[in-house]
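I'll jot down what I look up as I go.

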Amino acid sequence: MGPGGTTMDVFTTAMDDMVDIYMSIFHILCGFMDNYLRIQDDSLKYTEASTDNSKVGNLKNLKRIGNELPKKPASAVNFETGLYEPIQGKGTNEEALIKFAKRL
């Protein structure tokens, strides 16, 4: 938990963290990650990530966030810092998703 984090932060991000850890172990054991793409926005505030806030203002904000997400750089978690960082050579989330979909 980073500075200013709360118990709720730990609760709401624990599953995300476990997926990242499991996939890194899978990558180490199997040596490939080409069949895995994760697009995650780790900058959401608690009020934005809350699953029970269906107020019009929050829904509009989530729509804006969702529309901006494809334009952000494709990123992955850095296990030393715990932060998502851009992946060199992967381009944007949109480009990574298109490339991934073509492989399917």
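This is a predicted model: local features need pLDDT of at least 70, side-chain atom pairs count only at pLDDT 80 or more; totals for chains, interfaces and linings use all residues.

**Entry 1: Asp41 and Lys72.** I looked up this pair and found their side chains joined in a salt bridge, at 3.4 Å from N to O. Asp41 sits in the loop between helix H1 (7–30) and helix H2 (46–49), while Lys72 is in the loop between helix H3 (56–68) and strand E1 (75–78), so the bridge ties together parts that are 31 residues apart in sequence. Next I checked accessibility. Asp41 is buried, because its relative accessible area of 14% is under the 20% cut-off. Lys72 comes out as partly exposed, at 31%.

**Entry 2: Glu68 and Arg64.** Here the N to O distance is 3.0 Å, and the two side chains form a salt bridge. Where do Glu68 and Arg64 lie? Both are in helix H3, four residues apart, which is about one turn of the helix. I noted Glu68 as partly exposed with 37% relative accessible area, and Arg64 as partly exposed with 38%.

**Entry 3: Lys71 and Glu94.** I found a salt bridge between these side chains too, with 2.8 Å from N to O. Lys71 is in the loop between H3 and E1 and Glu94 is in helix H4 (residues 93–103), so this pair ties together parts that are 23 residues apart in sequence. Is Lys71 buried or exposed? Lys71 is exposed, at 55% relative accessible area. Glu94 is partly exposed, at 32%.

Technical notes:
Residues are numbered from 1 along each chain as its sequence is written. Side-chain values use heavy atoms; hydrogens and water are left out. A salt bridge is a side-chain nitrogen of Lys or Arg within 4 Å of a carboxyl oxygen of Asp or Glu. Helices (H or I, at least four residues) and strands (E, at least two) are DSSP runs, numbered from the N terminus. Buried means under 20% relative accessible area, exposed over 50%, partly exposed in between (1.4 Å probe, protein chains only).
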